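Have a look at the sequence and the fold first.

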Amino acid sequence: MDITLARALHILSIVIWIGGVSFVTVVLIPLLRTNKDMDSLTLFNQIENRFAYIARAVVLIAGISGFYMVYQLNAWDRFFDLTFFWMHAMLILWLMFMVALFIVEPFFLKDHGRMVKQKHNISNLRKTQIVHWILLSLSLVVVVISVLGAHGFFY
């Protein structure tokens, strides 16, 4: 695979990944929290379950393409140089999402609905919304510093 193709796949996967996090955080959860209908809970679970497959795929593609680029560029030494802190940030964010998507959600949060139904109210997605806001904020910061770093802004 050519490095240019790897970079294109990397960026495309991140656009889909962070775009999905943005949609869920900024649009979906707030809309569902204001709608007190329990069918909203069903809709949330259906959308989340469907997007989980997409998110897992694009996070894997981002990881594989990122690893490939580091390998092809023989850029391993950058992880020992704080000038390239933005690469550390990308790796840490990717690891956080890998753990969330492949361990936490499937094994510990199998059904958000079960937790929300305990209070019989969709507005209990508050904790989920807070976590999504934190992840989205971190993601956007990492995207900005990574673009700046990749274009030599920090050195």
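## Starting at isoleucine 54

Isoleucine 54 sits in helix H2, where helices (H or I, at least four residues) and strands (E, at least two) are DSSP runs, numbered from the N terminus. Isoleucine 54 counts as partly exposed because its relative accessible area is 39%; the scale calls a residue buried under 20%, exposed over 50% and partly exposed in between, using a 1.4 Å probe and protein chains only.

A word on the ground rules. This is a predicted model, so local features need pLDDT of at least 70 and side-chain atom pairs count only at pLDDT 80 or more, while totals for chains, interfaces and linings use all residues. Residues are numbered from 1 along each chain as its sequence is written, and side-chain values use heavy atoms, with hydrogens and water left out.

## The chain as a whole

What does the chain look like when read along the sequence? The pattern is α-α-α-α-α, with 5 helices and 0 strands. Of the 155 residues, 35% are buried.

Contact here means heavy atoms within 4.5 Å. Take the contacts between residues at least 6 apart in sequence: 80% of them join residues at least 24 apart. The chain exposes about 9600 Å², and carbon and sulfur atoms supply 70% of that. Accessible areas come from the Shrake-Rupley method with a 1.4 Å probe, and for residues only the protein chains shown count as cover.

Which helix gives the most to the patch? That would be H1, with 4 residues. Helix H1 (3-34) and helix H2 (38-72) each supply at least two. The C-alpha atoms of leucine 12 and alanine 62 are 8.4 Å apart, although 50 residues separate the two along the chain.

## Two buried serines

Is serine 13 buried or exposed? Serine 13 counts as buried because its relative accessibility is 3%. This residue of helix H1 touches Val58, Ile61 and Ala62, leaving out residues up to four places away in sequence.

Serine 65, in helix H2, is also buried, with a relative accessible area of 3%. Again leaving out residues up to four places away, serine 65 touches Ala6, Leu9 and His10.

## The loop between H2 and H3

Asparagine 74 lies in the loop between H2 and H3. Asparagine 74 has a positive phi of about 50° despite not being a glycine, and counts as exposed at 56% relative accessibility.

The loop between H2 and H3 also holds arginine 78, which is partly exposed with a relative accessible area of 27%. Which residues does arginine 78 contact, neighbours within four places aside? They are Phe84, Met87 and His88.

## H3 against H5

Two packed helices are described by the angle between their axes and the distance between the axes. Helix H3 (residues 85-108) and helix H5 (residues 126-150) pack at about 150°, with axes 9 Å apart. Axes are lines fitted to C-alpha atoms, for helices over the stretch in contact, and angles run from 0 to 180 degrees between N-to-C directions. The crossing of H3 and H5 is left-handed, meaning the near helix is turned anticlockwise from the far one by less than a right angle (clockwise would be right-handed).

On the H3 side, the residues that meet H5 include Phe85, Trp86, Ala89 and Met90; their partners in H5 include Leu135, Leu138, Ile145 and Gly149. Tryptophan 86, in helix H3, is buried, with a relative accessible area of 5%. Residues up to four places away aside, tryptophan 86 touches Ile145, Ser146, Gly149, Ala150, Phe154 and Tyr155. Tryptophan 86 and valine 147 are 61 residues apart in sequence but 8.7 Å apart in space, C-alpha to C-alpha.
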